[in-house]
Amino acid sequence: MTETAAQIIERIFARARQDLAAAPLASAFANAYQDDDWTAEGLHCRVRARAAQGSDEADAER
Amino acid sequence: MSDLRIKQLVVDGLRGSPQRFVLNLDGKSVCVLGENGTGKTTIADAAELWSTGDLSAFHREGCAPAAAIHLDASSATIEITGTGFTPRRRTLSRHGPGELEPRAPIGAQPLGPIPVLRHATIANFMSQTAGEKKKALLELLGLGGLNDLREPLRTCANLAKRDATAAADRVTAEKAAIESQLGGEDLVTYAEDRRIVAGLQDPIHRAADLLSVALDTPVSAARSRAPLVDQLAAAVAALPIGGGAAWNAAVADQEAVRADGMAALLRAAQRVLSPEDESCPLCQQPIMGAELAEQLSERAERLDQVRAAVTEGEGELTQLVARIGEVMNALAQLLADAPPRGWPQADVLAQAERALREHRAAITEARTQRTSAPPPLRLEDLEALLPTLREAATAADSGTTRTRALIDLAELRQKCIRLEDCRRAAAAAETASRAAARILKIADEEAERAINAALTRIGKLTADYYGRLVRGGPFTDIELVYKSARSGQVEFSLTFDGRHHAVTPPQRIMSTSQQNALGIALHLARLKLQPGAWRTLVLDDVINSFDAPHRQGLARLLSDEFADWQVIALTHDRSFKEILSRTVKGWRFKEIIAFSPRGGPDLDDADPRVALRARMDHGAVAMEVGNLARRALEQGLATPLRKLEYEIRYDPDQRYGAADYLQALRRGFKHKHSPLKDLPVLDRMQADSYMATLGVHERTDATALTTDDLYRLVDDLDELDAALCCQQCHEPVWRQRRSASGGNTSRCGCGALAA
């Protein structure tokens with residue numbers, strides 16, 4: 001049976017969540033896809049937000 | 001909802017169909033034969049527009065679907081009834097296509113697009129680049145979502161990488177700023193030195209101590225010393241301008257003026273005392289030498305005193321200028337020490353310096369104008385100010401040094417904090433960039449795996465179909481190969497003539513026709529593997545570049561693999577229709593027998609005579625309906641000929657015209673000794689001008705015909721039909737039964753004596 005694009009994309013995000021390097025953004029990207037915000041600008045916005053969050057976490061640790 | 005088929009397609013006002021056109025299919029496959037420009041593609045467009053709300057060909061050309069409305073119509077409607085769904089209609093207005101409206105309140109589920117394969121679609125696909133093929137194939141395979149996935153992901157990963165680089169650059173810049181301030185000195189040493197100068201208590205042993213040094217209070221204290229500078233400025237401002245008072249006073253001294261006069265007297269007396277001159281040169285009286293000498297001596301002494309006073313005044317003035325210069329230098333040094341930013345007293349100091357410079361200039365001017373009016377400046381006033389000035393300058397200078405150290409520490413600490421912030425941001429940006437890049441990689445891996453799986457399946461079936469389309473061709477091992485280069489590419493690969501290496505792209509070794517065959521094989525394979533809801537397939541002139549074996553191959557493939565599909569094959573090629581009629585089973589064959597710009601196509605499943613009369617009644621001119629008239633005439637004569645089983649001259653191509661039918665019919669009547677042989681209408685028809693124009697089986701030149709000619713044609717055919725019917729029951733004469741007694745007498749099925 002042929003796999004649909006939606007199934008493949010779901011698997012991509014599932015793999016990303018489990019991948020050590022990809023995990024920090026996996027949920028953000030999956031949400032972007034669900035929110036139909038799948039544009040380079042939308043994704044980049046989420047990347048920046050995630051980076052800022054990472055910076056805040058480092059502050060908190062400090 | 002699946003296995004959808006079309007029972008009836010009704011088009012009105014779309015492209016080549018200005019009036020209502022009905023294609024009855026009853027869910028069966030059909031081959032519609034029609035010459036170019038007779039409305040075949042209108043059928044394909046109607047199917048596409050009805051099911052998708054769009055016309056891809058128009059879309060590609062930048063035209064709105066509304067451009068498909070016939071020039072004489074204000075809107076177009078397409079209504080399709082079929083099996084598996086409720087009848088639906090879509091209206092296309094000048095504002096665009098409307099929604100698909102169900103003709104019943106239930107069953108409004110989406111139906112999906114009716115597959116339409118066109119020659120242009122196939123040719124365009126095959127001429128695409130490998131990148132374009134990949135996109136198009138993913139759309140065909142229902143994996144178009146993967147096309148939309150990658151591009152934003154890739155761009156985002158690039159932007160995230162750019163962010164990370166920029167953040168790393170900021171870290172480098174902050175490091176450079178710190179190093180610049182340190183001037184090659186060790187950070188701890190630098191900070192500790194300034195800590196001592198600033199008079200702070202807690203020593204700095206390591207870089208981290210710098211961050212904990214309390215600087216706010218010392219900096220505030222340093223700033224509180226600012227009134228000293230204000231004091232300095234006030235002192236300078238109090239300096240009276242217009243100096244040189246002592247010197248001027250000396251010059252203006254009346255005694256000094258007198259002394260000058262006395263000098264003149266002295267010179268006169270010396271002359272008087274000389275032996276040659278014995279009288280006073282002024283009063284001409286005899287001179288008393290001793291008394292005069294005494295007076296002269298006194299005056300000379302006084303003159304010396306005045307000269308000394310002038311010299312003293314000059315010295316005082318020079319000393320004053322030197323002192324002012326001293327203060328100015330102190331101020332200049334103070335200013336050069338770069339007071340902290342935002343310290344308003346810097347402006348005050350500068351103002352003070354300007355005031356002193358003006359003062360010195362005024363003194364210089366006074367020296368030049370020695371005899372000017374006595375200025376208000378008193379030396380003692382200036383001297384009284386100088387200690388104050390010096391004290392203020394010293395205090396300010398001392399305060400600035402401490403403040404400078406504090407400021408250095410504060411700046412260094414601020415830079416260290418910024419560096420730390422930049423490092424954190426850079427680490428976070430780097431993490432995000434790595435994550436984005438990793439997700440892109442995962443997406444590429446998964447997409448490649450899925451695409452390869454899909455391509456393997458469709459590639460195999462395509463190779464199979466192509467092999468059946470082109471039996472015994474030189475191309476084998478046909479595959480669809482995916483490459484992840486750039487945004488992904490798909491291209492056919494095949495071997496030629498049994499060689500051991502694959503060739504790609506196929507354009508290198510395949511003719512256009514062979515490529516089109518490959519393209520059709522691919523699209524048919526796709527439909528077979530992913531059929532969707534419809535079991536209807538529209539083929540619009542796909543065999544344009546095919547030779548006879550290719551056409552035979554396609555007919556065979558349709559017969560073998562798409563027997564359970566409803567295929568609507570639109571073609572202008574009569575030979576393909578003949579091939580299909582010999583190969584496929586259960587198909588219907590229709591022909592567009594006539595077409596007019598204002599009336600649209602006419603199918604052969606309607607009575608051409610009825611259609612002709614209707615067109616004429618609607619105002620059609622003879623030129624428009626020539627083909628329809630020819631068909632009506634041929635059918636009107638061929639039908640009785642065939643029913644009566646009369647013979648017609650042999651033609652291997654079976655290309656008979658109305659004149660042939662009329663001649664054969666008359667010969668048959670004569671041969672059978674039928675009383676119909678003398679029908680007047682037969683004579684009239686043979687002699688009429690419409691028979692001269694329409695009687696031969698070439699394309700009709702209807703320019704010579706008039707509307708009256710055609711009305712006469714229809715009337716003549718009606719009269720012939722009437723003559724061929726039983727006078728009682730009006731059944732055709734070919735239902736007559738020969739009487740049992742033999743002879744030429746026959747009886748109709750109703751029992752009446754037949755003609």
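# Why the terms apply: chains A and B

Me: Where does R150(B) lie in this predicted model?
Reply: R150(B) lies in helix 5 of chain B.

Me: Why is R150(B) called buried?
Reply: Buried means under 20% relative accessible area. R150(B) has 14% relative accessibility, so the residue counts as buried.

Me: What is R150(B) in contact with, apart from its neighbours within four places in sequence?
Reply: R150(B) is in contact with L440(B), D444(B), R486(B) and S487(B). Contact here means heavy atoms within 4.5 Å.

Me: Which residues of helix 4 and helix 5 of chain B meet?
Reply: From helix 4 of chain B come K134(B), K135(B), L138(B) and E139(B); from helix 5 of chain B come G144(B), L146(B) and N147(B). By class, this contact has two nonpolar, two polar and three charged residues.

Me: How do you know that the length of helix 16 of chain B agrees with its number of residues?
Reply: Helix 16 of chain B covers residues 548-561, which is 14 residues, and at 1.5 Å a residue it should span 20 Å. Its end C-alpha atoms are 20 Å apart, so the two values agree.

Me: Which residues in helix 16 of chain B are buried?
Reply: They are H550(B), R551(B), G553(B), L554(B), A555(B), R556(B), L557(B), L558(B) and E561(B).

Me: What makes the phi of D541(B) worth a remark?
Reply: Most residues other than glycine have a negative phi. D541(B) is not a glycine, and its phi is positive, near 50 degrees. D541(B) is found in the loop between strand 10 (536-540) and helix 16 of chain B.

Me: Is D541(B) buried or exposed, and why?
Reply: The cut-off for buried is under 20%. D541(B) has a relative accessible area of 11%, so D541(B) is buried.

Me: What is the phi of Q654(B), and where is Q654(B) found?
Reply: Q654(B) has a positive phi of about 55 degrees although it is not a glycine. Q654(B) sits in the loop between helix 19 (626-643) and helix 20 (658-671) of chain B.

Me: Why is Q654(B) called exposed?
Reply: Exposed means over 50% relative accessible area. Q654(B) has 53%, and is therefore exposed.

Me: What makes the peptide bond from T504(B) to P505(B) cis?
Reply: Its omega is near -5 degrees, and the bond is cis. Most peptide bonds are trans. P505(B) is found in the loop between strand 9 (489-496) and helix 15 (512-529) of chain B.

Me: How many disulfides are there over all chains?
Reply: The count is zero. C45(A) is in no disulfide, as the nearest cysteine sulfur, that of C156(B), is 10.0 Å away. A disulfide needs two cysteine sulfur atoms within 2.5 Å.

Me: What pattern does chain A follow along the sequence?
Reply: Chain A reads α-α-α, with three helices and zero strands. Buried residues make up 35% of its 62 residues.

Key:
Residues numbered from 1 in each chain as written. Chains lettered and ligands numbered in written order. Predicted model: local features only at pLDDT ≥ 70, side-chain atom pairs only at ≥ 80, totals over all residues. Heavy atoms only, no water. Helix = DSSP H or I, 4+ residues; strand = E, 2+ residues; numbered from the N terminus. Expected span 1.5 Å × (residues − 1). Buried < 20%, exposed > 50% of the residue type's maximum accessible area, 1.4 Å probe, protein only. Nonpolar A, V, L, I, M, F, W, Y, C, P; charged D, E, K, R; others polar.
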